[in-house]
Amino acid sequence: YVTRQLLWEEYREQQPQGYSYSQFCDILQKYKNRKEASLHITHLPGERCEFDFAGDPLYYTDPASRDLVPCPVLACTFPFSGLSYVEPLASSKLVHLIPALNRAVQYFQGSPRFMVTDNMTQIVTHSSRYEPTFTELSEQWSVHYNTAIKAARVRKPKDKPSVEKSIHLSYQRIYARMRNETFYSLDEIRSRVSELLDEFNNRPMQEQGISRRIRFIENEKSSLRPLPESNFSLKNRTRARVKKNHHVILGEDMHSYSVPHQYIGQETSVVYDEDVVEVFLGNL
């Protein structure tokens, strides 16, 4: 709510013989128009992939309740080529983030030297400008794919500008195209995003004259490290008692899973990942 007039009046109180109002406004405008210096960074092919969650989620409509269900959106980008991977998730928890990162490196058909992200709590347990501490699970994932996870400085989006730009472009090329469409499941919305993502990656860039995918295939793909034979498997374990309706309830998604009725009242071990839920009797 501060006006130029107010700033000038406060300035003249301290400097009675100072600039006139017009001179003051001219100097103030020059100050506002100043440009901060920035460093141009040259990225090496296959060196790093930046990933982050978009600020805005996508939504699908629950067929039963008709409520809108938010889906966090993960974006991964190679700064050298600009090739991106975008996927809506059921949640931003590790149980969904890790499989999404699996699919990202599968999409790129290789892993970079570094995976760079911000200080999201799913990946970083202790933020530090010089030596952040990563979760054990994220380190296991990086070892499995022969890469290293690096964290950007806290509240420094310019440390990962490529994925920030990719998220901005995804709003224009993906979100905007979906604004008048209705979806009724996560699979539906993923399928549509995948379709628009391919269009985005195959679209020629104005400055380069070629698409992100062609630039990636011709100049970057060969620099990636080969993927292991199998994906990283994230298994979660919990305990659950069989209810009178011969079901166990998984707290992660609050869904019920049936077991043989003769085990009503007994304690079970539940082992699950994003796709499979296994229920075992007794300890595991």
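Local features of the predicted model were considered at pLDDT of at least 70 and side-chain atom pairs only at pLDDT 80 or more, whereas totals for chains, interfaces and linings use all residues. Residues are numbered from 1 along each chain as its sequence is written, and side-chain values use heavy atoms, with hydrogens and water left out.

Helices (DSSP runs of H or I, at least four residues) and strands (runs of E, at least two) are numbered from the N terminus. Five strands form an open sheet of mixed pairing, in the order S5-S4-S1-S6-S9. The strands S5 and S9 stand at the edges with a single partner strand each, so one side of each is left without a neighbour in the sheet. On average, neighbouring strands of this sheet are turned by 20° against each other, direction ignored; the angles are taken between axes, which are lines fitted to C-alpha atoms (for helices over the stretch in contact), and run from 0 to 180 degrees between N-to-C directions.

Strands of a sheet pair through backbone hydrogen bonds, either parallel or antiparallel. Two strands were counted as paired if DSSP finds at least two bridges between them. Strand S4 (residues 73-77) and S5 run antiparallel and are joined by five bridges, with Val73 opposite Pro88 in S5. Strand S1 (residues 48-53) runs parallel to S6, and three bridges join them; Glu50 has Val116 in S6 as its bridge partner. Between S6 and strand S9 (residues 148-151) the pairing is parallel over four bridges, and here Val116 stands opposite Lys150.

In a regular strand the side chains alternate between the two faces of the sheet. In strand S6 (residues 114-117), Phe114 and Val116 point one way and Met115 and Thr117 the other way, and all are buried. Buried denotes under 20% relative accessible area, exposed over 50%, and partly exposed the range in between (1.4 Å probe, protein chains only). Met115, which lies in S6, has a relative accessible area of 2% and is therefore buried. Its C-alpha atom is separated by 5.7 Å from that of Arg48, although Met115 and Arg48 are 67 residues apart along the chain. Contact was defined as heavy atoms within 4.5 Å. Leaving aside neighbours within four places in sequence, the contacts of Met115 include Cys49, Phe51, Leu101, Trp141 and Ile149.

Helix H3 (residues 94-108) has 15 residues, and at 1.5 Å a residue it should span 21 Å; its end C-alpha atoms are 21 Å apart, which agrees. The expected span is 1.5 Å times one less than the number of residues. H3 is mostly covered, as 11 of its 15 residues are buried; among them are Val95, Leu97, Ile98, Leu101 and Phe108. The helix is followed by Gln109, whose phi is positive, near 60°.

In soluble globular proteins, nonpolar side chains tend to be buried together. A nonpolar core was taken as a set of buried Ala, Val, Leu, Ile, Met, Phe, Trp, Tyr and Cys residues joined through side-chain atoms within 4.5 Å. The largest such core has 55 residues, and Leu74, Cys76, Phe108 and Trp141 have the most contacts inside it. H3 provides the largest share of this core, eight residues. Beyond its neighbours within four places in sequence, Leu74 is in contact with residues including Phe51, Tyr85, Val86, Leu97, Ala100 and Leu101.

Side chains of opposite charge can pair when their charged atoms come close. The structure holds 10 salt bridges, each defined by a side-chain nitrogen of Lys or Arg within 4 Å of a carboxyl oxygen of Asp or Glu. One of them joins Glu87 and Arg190, whose closest N and O atoms are 3.2 Å apart. This pair links distant parts of the chain, with Glu87 in strand S5 (residues 84-88) and Arg190 in helix H6 (residues 186-202), 103 residues apart. Glu87 counts as buried because its relative accessibility is 4%. Glu87, Arg103 and Arg190 are linked in a network of salt bridges. A further salt bridge, at 2.9 Å from N to O, joins Glu195 and Arg192. Both residues lie in helix H6, three residues apart, about one turn of the helix. Glu195 is partly exposed, with a relative accessible area of 43%, whereas Arg192 is buried at 16%.
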